Amino acid sequence: MSVDVLLGLQWGDEGKGKIVDYLAPQYDVVARFQGGPNAGHTLEFDGIKHVLHQIPSGIFHERIKNIIGNGVVLDPVVFKKEITGLQKFNINFKKNLFISKKAQVILPSHKFLDDAYEKAKGDSKIGSTLRGIGPAYQDKIARQGLRVGDIVSPAFEDKYRHLLNLHKTILRYYNYEADFTEKEKEFEDALHFMKSFNIIDSEYFINQAIGNKEKILAEGAQGSLLDIDFGSYPFVTSSTTMTAGACTGLGVAPSKIKNVYGIFKAYCTRVGSGPFPTEQVNDIGETLRKQGNEYGSTTGRPRRCGWIDIPALKYAIMLNGVTELMMMKVDVLNSFQEIKVCTHYKLADGTLTDQLPYDLCAANYEPVYTTLPGWHCDLSAYRDRNSFPQQLKDYVCFLENALNTPITIISIGPDRNQTVSTKS
Ligand code: GDP
Ligand code: IMO
Ligand code: MG
């Protein structure tokens with residue numbers, strides 16, 4: 001039938017995993033289209049909390065087919081660990097999980113390269129998750145990467161050795177000491193493990209599903225402000241995190257995309273280096289981090305916290321063609337007497353703009369805020385937008401007007417049940 005896309009509008013960690021899991025029963029297929037083990041998507045239900053890195057967030061639903069698409073960079077070692085961690089849930093992976101032959105493989109040496117490049121950057125490091133993402137995408141674009149489909153080929157060993165030697169030469173240039181012995185053994189075991197899964201021509205699989213009138217949800221990783229083209233370059237990830245990435249990362253024609261769900265937090269966070277105009281390096285930021293438990297799901301690093309940024313959200317909505325918004329972690333603002341919203345940026349010459357500057361790293365602009373009253377109460381009993389405290393209703397209306405897009409889901413806690421749908 002058609003493909004809906006769900007993606008983050010900020011710097012990642014907006015709560016994509018929770019909402020994919022929540023929406024999954026409405027779909028037949030959930031498919032990841034980019035990124036890799038840099039992602040950490042958290043799901044909570046029935047007292048269980050689980051963080052997924054490469055496996056799509058529809059995996060806990062028995063009926064749903066989950067696809068790791070061609071746009072993903074897949075680490076076999078992390079894959080094996082993830083599957084092992086899921087064993088207790090009795091998931092039928094043979095029936096429910098499919099890996100694209102065209103997904104790129106992350107080698108142990110990609111992770112060493114990631115570390116070497118970051119160390120060489122010194123103070124200007126990206127703050128990468130060091131999962132080998134950048135180097136694996138580099139090899140893809142350089143047309144020398146290894147793909148999942150290659151692992152069953154007799155030529156795999158030669159191709160692997162060739163690429164590994166190249167990586168070793170680069171590592172020597174960086175004077176990077178790397179001990180491969182244990183890592184290679186782990187990698188070989190993981191490749192062997194992966195061969196027993198469904199490795200498929202995912203572009204045919206997905207288009208056949210579309211032809212069979214099945215409903216597909218494309219699950220984004222990272223966020224729009226980390227996009228390789230439109231994010232806060234160079235402090236970005238190495239993939240297209242936008243709606244367009246779902247087309248190339250799954251082999252789906254643009255005309256097949258229907259709804260685009262844009263997820264954002266009721267405030268804003270970022271992990272790693274790079275510009276963050278509304279960051280609050282003060283008590284406000286500390287409170288947001290504490291209340292929101294803002295520590296990376298993949299690396300455990302403290303997330304930087306700040307106020308919501310309307311120019312940045314407008315930019316992401318425009319580029320992604322967002323049709324519906326989903327606001328997450330509203331409960332984290334419960335204790336605030338007042339809430340600030342960055343509505344514009346003021347440029348050096350005093351003009352106001354609601355467009356993002358070319359270089360977010362430049363210091364020639366400052367955020368302009370509007371202050372709204374907080375609701376200052378616990379939201380756990382609320383399950384209906386109409387009964388929300390007036391101040392929360394006003395906050396939602398303010399954002400919908402400013403962003404010119406309806407907010408159809410409001411999340412008031414990490415659990416699947418703590419989700420308010422505002423669709424009539
Ligand atoms: P993702 O990468 O976009 O899937 O998001 P992460 O899982 O990295 O980070 C979101 C974090 O917020 C996770 O720990 C979730 O369990 C949690 N979370 C999601 N929605 C809510 C919410 O509405 N309220 C609160 N307090 N936590 C939430
Ligand atoms: P999910 O899917 C938040 C950030 C890193 C770093 C930059 C580049 O859970 O929202 P990389 O490892 O990709 O080379 O790192 O991007 N980053 C994320 N931040 N959530 C993520 O994923 C991220 N994936 C990468 O912190 O700043
Ligand atoms: Mg995350």
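At what angle do the axes of helix H11 and helix H12 cross? In this predicted model, the axes of H11 (residues 310-320) and H12 (residues 390-403) cross at roughly 55°. They come within 10 Å of each other. The two helices are therefore oblique to each other. The crossing of H11 past H12 is right-handed. On the H11 side, the contact involves Ile310, Leu313, Lys314 and Ile317. These residues meet Leu399, Ala402 and Leu403 of H12. By class, the contact holds six nonpolar residues, no polar ones and one charged one. Spacing along H11 can be read against helix geometry. An α-helix has 3.6 residues a turn, so residues three or four places apart point the same way.

Strand E14 covers residues 308-309 and contains aspartate 309. Aspartate 309 is buried, because its relative accessibility is 3% and the limit for burial is under 20%. Beyond its neighbours within four places in sequence, aspartate 309 contacts Pro277, Thr278, Cys342 and Tyr345. Its C-alpha atom is separated by 8.4 Å from that of proline 367. Along the chain, aspartate 309 and proline 367 are 58 residues apart.

H4 spans residues 108-121 and H6 spans residues 156-173. Their axes come within 10 Å and cross at roughly 20°. That angle makes H4 roughly parallel to H6. H4 passes H6 in a left-handed crossing. From H4, the contact takes in Pro108, Ser109, His110, Phe112, Leu113, Ala116 and Tyr117. Their partners in H6 are Tyr160, Leu164, His167, Ile170 and Leu171. Nine residues of this contact are nonpolar, three are polar and none is charged.

H4 and H6 also take part in covering helix H5. H5 runs over residues 133-141. Its buried residues are Ile133, Gly134, Pro135, Ala136, Tyr137 and Asp139. The cover over these buried residues includes strand E6 (73-74) together with H4 and H6. Just after H5, arginine 143 adopts a positive phi of about 65°.

The magnesium ion, ligand 3, is coordinated by two residues, Asp13 and Gly40. Asp13 contributes OD and Gly40 contributes O, at 2.1 to 2.2 Å. The two residues come from distant parts of the chain, 27 residues apart. Aspartate 13 sits in the loop between strand E1 (2-8) and helix H1 (16-23). Glycine 40 sits in the loop between strand E2 (29-32) and strand E3 (41-45). Aspartate 13 counts as partly exposed, because its relative accessibility is 22%. Glycine 40 is buried, with a relative accessible area of 9%.

Helix H9 (residues 243-250) includes leucine 250. Leucine 250 counts as buried, because its relative accessibility is 0%. Leucine 250 and valine 72 lie 178 residues apart in sequence. Their C-alpha atoms are 9.1 Å apart in space.

Tyrosine 233 and proline 234 are joined by a cis peptide bond, with omega at about 5°. Proline 234 is placed in the loop between strand E10 (215-219) and H9. Aspartate 46 has a positive phi of about 45°, although it is not a glycine. Aspartate 46 belongs to the loop between E3 and strand E4 (48-52). It is exposed, with a relative accessible area of 69%. Lysine 213, likewise a residue other than glycine, has a positive phi near 65°. Lysine 213 lies in the loop between helix H8 (202-211) and E10. Its relative accessible area is 62%, so lysine 213 counts as exposed.

Methods
Residues are numbered from 1 along each chain as its sequence is written. Chains are lettered from A and ligands numbered from 1 in the order in which they are written. This is a predicted model: local features need pLDDT of at least 70, side-chain atom pairs count only at pLDDT 80 or more; totals for chains, interfaces and linings use all residues. Side-chain values use heavy atoms; hydrogens and water are left out. Donors are N, O and S atoms within 2.8 Å of the metal (3.2 Å for Na, K and Ca); water is not among the atoms, so sites may look incomplete. Helices (H or I, at least four residues) and strands (E, at least two) are DSSP runs, numbered from the N terminus. Buried means under 20% relative accessible area, exposed over 50%, partly exposed in between (1.4 Å probe, protein chains only). Axes are lines fitted to C-alpha atoms, for helices over the stretch in contact, and angles run from 0 to 180 degrees between N-to-C directions. Angles under 35 degrees count as roughly parallel, over 145 as roughly antiparallel, 65 to 115 as roughly perpendicular and the rest as oblique. A crossing is left-handed if the near helix is turned anticlockwise from the far one by less than a right angle, and right-handed if clockwise. Contact means heavy atoms within 4.5 Å. Ala, Val, Leu, Ile, Met, Phe, Trp, Tyr, Cys and Pro count as nonpolar, Asp, Glu, Lys and Arg as charged, and the others, Gly among them, as polar.
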